[in-house]
Amino acid sequence: MSDGKTAKTHSGPGARPGGVNAGVWWAIGGPTRRRMLVVLRADGCGTARTLSDQLPGTRQAVAKHLAVLDRVGLVHVTPAGRERQYRIDDAKLARAVKQLAAVVADWDGRRRRVKRLAESIQTSEQTWARRR
């Protein structure tokens, strides 16, 4: 990858419970790769050539992004003549979405607890100020 970062493989030290790891999140974090997933989801499959027609960048750049998605297991590759056909791994993407929803719910709970604490402090300060 041109930015010097290396995505972790989908099995190994970066693996998280539930089968989704940091490499998957890094891969999904790239805006171009997210757009590729949207296009692949809508079209069912695609090649570097067909995706480069719909996305910014050269066919070679698109192929590199597809290699990242393949390395982390978000897409499956099938040879199709001189090209390679890419298809989303629905189960892997569903696990990633489910894990993200759990993270969102956890942070929403934390935000609510902080809000209640702040409101409690504000109420206590107002009560104390009235007593003075």
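Let me begin with aromatic pairs: the structure holds 0 of them. A pair here requires ring centres of Phe, Tyr or Trp (its six-membered ring) within 6.5 Å, with planes under 30 degrees apart counted as stacked, over 60 as edge-to-face and the rest as tilted. This is a predicted model, in which local features need pLDDT of at least 70 and side-chain atom pairs count only at pLDDT 80 or more, whereas totals for chains, interfaces and linings use all residues. Residues are numbered from 1 along each chain as its sequence is written, and side-chain values use heavy atoms, with hydrogens and water left out.

Two rings do carry a charge over the face, defined as NZ of Lys or CZ of Arg within 6 Å of the ring centre and within 35 degrees of the ring normal. Arg33 lies over Trp26 at 4.5 Å from the ring centre, and Arg110 lies over Trp107 at 4.6 Å.

Now the fold. The protein chain comes to 5 helices and 2 strands, in the order α-α-α-α-β-β-α. Helices (H or I, at least four residues) and strands (E, at least two) are DSSP runs, numbered from the N terminus. Of the 132 residues in the chain, 27% are buried, that is, under 20% relative accessible area with a 1.4 Å probe on protein chains only; exposed is over 50%, and partly exposed lies in between.

The largest nonpolar core has 21 residues, and Ile28, Leu40, Leu51, Leu66, Leu69 and Leu74 touch the most other members. H1, H2, H3, H4, E2 and H5 each supply at least two residues of this core. Such a core is a set of buried Ala, Val, Leu, Ile, Met, Phe, Trp, Tyr and Cys residues joined through side-chain atoms within 4.5 Å. Beyond four places in sequence, the contacts (heavy atoms within 4.5 Å) of Leu66 include Met36, Thr47, Val75 and Tyr86.

In helix H3 we find Ser52. Is Ser52 buried or exposed? Ser52 counts as buried because its relative accessibility is 15%. A polar atom of its side chain lies 2.8 Å from the backbone oxygen of Arg49. Ser52 also touches Gly57, Thr58, Arg59 and Val62, leaving out residues up to four places away.

Finally, helix H5. Spanning residues 90-131, H5 reaches 61 Å from its first C-alpha to its last, close to the expected 62 Å, which is 1.5 Å times one less than the number of residues. Lys92, Leu93, Ala96 and Gly109 are buried in H5, and their cover includes H1 and E2.

Definitions and conventions
A polar contact is a pair of N or O atoms within 3.5 Å; within protein, one must be able to donate a hydrogen and the other to accept it, and residues adjacent in sequence count only if both atoms are side-chain atoms.
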